[in-house]
Amino acid sequence: MEYFAIIIITLISGVLGTGLGGLVGAVLRRESNKIVSLLLSFAAGIMLAVVCFDLMSEPLEMMKEGALPSYTPVIVVAAVILGYAVVYLLNHLIDKHSNREVKHIDKNHPATADDLDELIHADHFESHKESAANSRSNLFVAGLVMMMAIALHNLPEGMVIGASYAMEENLTANLFSGSGFIMAIVIGLHNIPEGMAVSVPLISGGMSKTKSVMLTALSGFPTVLGALLGYALGGINSIMLVLSLGFASGAMLYVVFGELLPEAILMWKSKLPSLSLFAGVLIGFLLVSF
């Protein structure tokens, strides 16, 4: 029953979130940079609050209660570094396969997206349309590469949800109120631009909108596998729970500081993204406190 509930929730977060992004990419293609900037920074704030006030603090509480050894903080730090490094490498793989599509990215260009077209890689595909005779096939292949890369990227994100649920003493009571549910919602929102990054090139490459949205949604399925893995590992013993929570924290810290915040600030050079981040941290704190 517990595994079934986690599967349903992560299906909504991973598959539905990514699929919704694919649908947005298929129907709208464009959106306000300012709105996206505020949403990204707000999601980053909630993620940061959950990581700092819940995921990383739980092992310390267990240590104070005598359930874990005194060197637990060292284990947490090591696991956080590992989680950060793994997601960094996965994102490096994605960037390597997407940024090489267009040569406009030079040494002076920011490594992260500074507008929505770049965030979903639409500018790369427009250049293909203008310059290559076989652009449609190139676009289709680029979309498949993005789909596989994002599917791989979704695995550790799913582990965040599973590890968050693993630390709940009463999963049934906290299924729709604990940190696991909060992370599922935030990761689902985070998956929307990722879904757009998959559907835009597939549609530009000649695939029907219906098929492209379905394939995009499938790229979110590894989130479910990651959630089951994180929950299973966290349930083995206290040390594995600490390792799972630390890894999940590191993965989310990279998403916050390596993706969401740089993109939000570049897309709208204003103080408002910082204010949105501030609001997200406060709301995240309230969510994990009740």
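What share of the contacts in the chain between residues at least 6 apart in sequence join residues at least 24 apart? I find 82%, where contact means heavy atoms within 4.5 Å.

**Entry 1. Basis.** I note that this is a predicted model, in which local features need pLDDT of at least 70 and side-chain atom pairs count only at pLDDT 80 or more, while totals for chains, interfaces and linings use all residues. Residues are numbered from 1 along each chain as its sequence is written, and side-chain values use heavy atoms, with hydrogens and water left out.

**Entry 2. Overall make-up.** I looked up the secondary structure and recorded 12 helices and zero strands. Helices (H or I, at least four residues) and strands (E, at least two) are DSSP runs, numbered from the N terminus. Of the 290 residues, 51% count as buried; buried means under 20% relative accessible area, exposed over 50%, and partly exposed in between, with a 1.4 Å probe and protein chains only.

**Entry 3. H1 with H8.** I then examined helix H1 (residues 2-27) and helix H8 (residues 179-204), whose axes come within 6 Å and cross at roughly 35°. Axes are lines fitted to C-alpha atoms, for helices over the stretch in contact, and angles run from 0 to 180 degrees between N-to-C directions. The crossing of H1 and H8 is right-handed; a crossing is right-handed if the near helix is turned clockwise from the far one by less than a right angle, and left-handed if anticlockwise. On the H1 side I list, among others, Gly14, Gly17, Gly21 and Gly25, and the H8 side includes Ala184, Gly188, Gly195 and Ser199. The residues of this contact divide into 11 nonpolar, 11 polar and no charged. Here Ala, Val, Leu, Ile, Met, Phe, Trp, Tyr, Cys and Pro count as nonpolar, Asp, Glu, Lys and Arg as charged, and the others, Gly among them, as polar.

**Entry 4. H8 with H9.** I found that H8 and H9 pack at an angle of about 145°, with their axes 9 Å apart. This crossing is also right-handed. Gly195, Val198, Ser199, Leu202 and Ile203 in H8 meet Lys209, Ser212, Leu215 and Thr216 in H9. By class, I record four nonpolar, four polar and one charged residues in this contact.

**Entry 5. The two faces of H9.** Which residues of helix H9 (residues 209-218) are buried? I list Ser212, Val213, Thr216 and Ala217. They lie on the same side of H9 because they cover an arc of only 135° around the axis, the arc being that of the directions from the helix axis to the C-beta atoms. The buried residues of H9 pack against H1 and H8. On the face turned away from them I found the exposed residues Thr210, Lys211, Met214 and Leu218.

**Entry 6. Ser219.** I next located Ser219 in the loop between H9 and helix H10 (222-234). Ser219 counts as buried because its relative accessibility is 2%. A polar atom of the Ser219 side chain lies 2.5 Å from the backbone oxygen of Thr216. Leaving aside neighbours within four places in sequence, Ser219 is in contact with Thr18, Met147, Ile150, Ala151, Asn154 and Val198. Ser219 and Ala149 are 70 residues apart in sequence and 8.7 Å apart in space, C-alpha to C-alpha.

**Entry 7. Ser37.** Last, I looked up Ser37 in helix H2 (residues 33-55). Ser37 counts as buried, at 0% relative accessibility. The side chain of Ser37 reaches the backbone oxygen of Ala264 at 2.6 Å. Beyond neighbours within four places in sequence, I find Ser37 in contact with Ala264, Met267, Trp268 and Pro273.

Definitions and conventions: Polar contact = N/O pair within 3.5 Å; in protein donor to acceptor, adjacent residues only side chain to side chain.
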